[in-house]
Amino acid sequence: MDRIKQRRRGDTRQRIQDVALELLAEQGYEKTSLREIAERLDVTKAALYYHFKTKEEIIVSLFEDLTKPIEDLIEWGRQQPHTLATKQEIVRRYSQALTDAAPLFRFMQENQATVRDLSIGDMFKNRMLGVREIIIDPAAPLVDQVRCISAMFTLHAGMFVLHDLAGDEAEKRRAVLEVAIDLVTQAHEGTHPS
């Protein structure tokens with residue numbers, strides 16, 4: 001019985017996160033209230049408070065849940081050698097993590113001032129530094145380090161700017177991933193010429 005109750009509680013928490021993110025993306029952080037989130041969920045404000053006391057708690061929990069794969073990637077990457085295969089795998093996994101967390105990153109992009117003020121701003125910065133640490137070979141020339149960082153920015157830019165281009169979303173994601181992998185490949189080959 002406790003296991004069922006725990007699973008239901010988890011489902012409610014996730015439902016709150018999903019609805020809150022939807023509302024926050026539609027209206028912005030400042031214009032969305034906990035009351036509106038509760039109404040959209042068709043629950044009382046007290047029921048919402050049981051799980052989250054503030055909008056910031058909801059956003060922080062979303063950030064922690066949706067960026068867990070990035071944290072796992074950083075831990076994995078720290079254990080790997082700076083080989084081309086490792087760098088390519090980092091780019092692939094990072095691309096997938098960004099795709100899976102796209103609604104959160106869109107919210108962050110559209111609410112940059114708010115994100116800077118919330119605790120997720122620093123958490124996001126630390127995750128980005130962690131990804132930078134595992135993708136860059138510290139012994140590589142500066143131009144090759146920049147190529148590796150540019151691969152990460154290519155993946156970020158692909159989430160936002162490619163929506164305006166015609167074409168299938170999956171096809172656009174593959175094209176962005178291909179360019180990012182080309183950048184780390186070129187960087188690696190510049191550092192380790194044949």
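Is the crossing of H6 and H10 left-handed or right-handed? It's right-handed. This is a predicted model, and the chain comes to 11 helices and zero strands.

**The chain as a whole**
- Reading from the N terminus, you get α-α-α-α-α-α-α-α-α-α-α.
- The C-alpha atoms fill a box of roughly 65 × 40 × 30 Å along the principal axes.
- There are 194 residues in the protein chain, and 41% of them count as buried.
- Take the contacts between residues at least 6 apart in sequence: 70% of them join residues at least 24 apart.

**H10 on its own**
- H10 covers residues 142-161.
- With 20 residues at 1.5 Å each, H10 should span 28 Å, and its end C-alpha atoms sit 27 Å apart, so the two values agree.
- Its buried residues are Asp144, Gln145, Cys148, Ala151, Met152, Thr154, Leu155, His156, Gly158 and Met159.
- Those buried residues pack against four helices: H6, H7 (102-110), H9 (119-135) and H11.

**H10 with H11**
- H11 takes in residues 169-191, and its axis lies 8 Å from that of H10, at an angle of about 175 degrees.
- Angles over 145 degrees count as roughly antiparallel, which is why H10 is put down as roughly antiparallel to H11.
- On the H10 side, the contact uses Asp144, Arg147, Cys148, Ser150, Ala151, Thr154, Leu155 and Gly158.
- H11 answers with Val176, Leu177, Val179, Ala180, Leu183, Val184, Gln186, Ala187, Gly190 and Thr191.
- Sorted by class, the H10 contact with H11 has 10 nonpolar, six polar and two charged residues.

**H10 with H6**
- H6 runs over residues 84-100; its axis and that of H10 come within 10 Å and cross at roughly 25 degrees.
- An angle under 35 degrees counts as roughly parallel, so H6 is roughly parallel to H10.
- From H6, the residues in the contact are Val91, Tyr94, Ser95 and Leu98.
- They meet Met152, Leu155, His156 and Met159 of H10.
- This contact of H6 with H10 splits into six nonpolar, two polar and no charged residues.

Technical notes: Residues are numbered from 1 along each chain as its sequence is written. This is a predicted model: local features need pLDDT of at least 70, side-chain atom pairs count only at pLDDT 80 or more; totals for chains, interfaces and linings use all residues. Side-chain values use heavy atoms; hydrogens and water are left out. Axes are lines fitted to C-alpha atoms, for helices over the stretch in contact, and angles run from 0 to 180 degrees between N-to-C directions. Helices (H or I, at least four residues) and strands (E, at least two) are DSSP runs, numbered from the N terminus. Angles under 35 degrees count as roughly parallel, over 145 as roughly antiparallel, 65 to 115 as roughly perpendicular and the rest as oblique. Contact means heavy atoms within 4.5 Å. Ala, Val, Leu, Ile, Met, Phe, Trp, Tyr, Cys and Pro count as nonpolar, Asp, Glu, Lys and Arg as charged, and the others, Gly among them, as polar. A crossing is left-handed if the near helix is turned anticlockwise from the far one by less than a right angle, and right-handed if clockwise. The expected span of a helix is 1.5 Å times one less than its number of residues. Buried means under 20% relative accessible area, exposed over 50%, partly exposed in between (1.4 Å probe, protein chains only).
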